[in-house]
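Here is a short report on one protein model.

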Amino acid sequence: MLMEAIQESLGIIEGKETEGKDNILRELEDGSQMMVINFYPPCPQPDLTLGMPPHSDYGFLTLLLQDQVEGLQVHFQDQWLTVQPINNAFVVNVGDHLEIYSNGKYKSVLHRVMANSKKNRTSVASLHSLPFNCTVRPSPKLIDQHNPKRYADTNFDTFLAYVTTREPKRKDFLDSRKLTSVCVEEKEIK
């Protein structure tokens, strides 16, 4: 339902019964889901450590259920903002794949987790994406002469090759998939 609403917001109308290789709803039905349970014990000097360093999530969407202990922060307008926990509510993070698929209309969320000096913190993240053998690309319905393709096609193998050769930081993988205007013009000429 979230992806249907996102597609509607992008002006893409397609149902699961739509034919063609670019039907993202059908691909997500058979997609990957990974659940991660994070436990952060109290740290007497939280300014000396991070619970989780700054990063963006690789997939399409992450649904996060967190307890009532602060710790999640998002990077917005060059500052870190604490996400106030809401009881029995999900935090929905946009991942790198959705940024690529939306051709940059949605932005993946750079976030981190800070340690707490007095309390344990627990969260459960459900990460959703395409099957590992699929290619993620900007939707052709969002590309035209006024909105050129901004991201190179990618897949899980490309991601693994990238992260195994360097320490992932911030949104480095996503940045590696961005096309420069020169590259876009060269591809249009060919």
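Strands β4 and β5 (residues 79-82) pair in the antiparallel sense over four bridges. Two strands count as paired if DSSP finds at least two bridges between them. Helices (H or I, at least four residues) and strands (E, at least two) are DSSP runs, numbered from the N terminus. The model is predicted: local features need pLDDT of at least 70, side-chain atom pairs count only at pLDDT 80 or more, and totals for chains, interfaces and linings use all residues. Residues are numbered from 1 along each chain as its sequence is written, and side-chain values use heavy atoms, with hydrogens and water left out.

**Strand pairing**

H75 has W80 as its bridge partner in β5. The hairpin of β4 and β5 has two residues between the strands. There, Q77 takes a positive phi near 50°. β4 (residues 72-76) also joins strand β7 (residues 111-114). Those two run antiparallel, with three bridges. L72 is bridged to V113 in β7.

**Core**

The largest nonpolar core has 29 residues. Such a core is a set of buried Ala, Val, Leu, Ile, Met, Phe, Trp, Tyr and Cys residues joined through side-chain atoms within 4.5 Å. M3, I24, F60, L98, Y101 and L130 have the most contacts inside it. At least two residues of this core come from each of α1 (2-10), α2 (24-29), β3 (61-66), β4, β6, α3 (96-101) and β8 (121-129). In soluble globular proteins, nonpolar side chains tend to be buried together.

**Surface patch**

L2, L65, F90 and V92 form a nonpolar patch on the surface. Together they have about 360 Å² of accessible area, from the Shrake-Rupley method with a 1.4 Å probe. Patch residues have over 30% relative accessible area and no salt bridge, and nonpolar side chains are joined within 5 Å. A salt bridge is a side-chain nitrogen of Lys or Arg within 4 Å of a carboxyl oxygen of Asp or Glu. F90 lies in strand β6 (residues 90-94).

**Exposure of selected residues**

Buried means under 20% relative accessible area, exposed over 50%, and partly exposed in between (1.4 Å probe, protein chains only).

| Residue | Relative accessible area | Class |
|---|---|---|
| F90 | 56% | exposed |
| C43 | 19% | buried |
| C134 | 18% | buried |
| T158 | 27% | partly exposed |

The disulfide count is zero, taking a pair of cysteine sulfur atoms within 2.5 Å as the rule. T158 sits in helix α4 (residues 156-163). The C-alpha atoms of T158 and R177 are separated by 9.8 Å, and the two residues are 19 apart along the chain.

Key. Patch = residues over 30% accessible without salt bridge, like charges linked within 9 Å, V, L, I, M, F, W, Y side chains within 5 Å.
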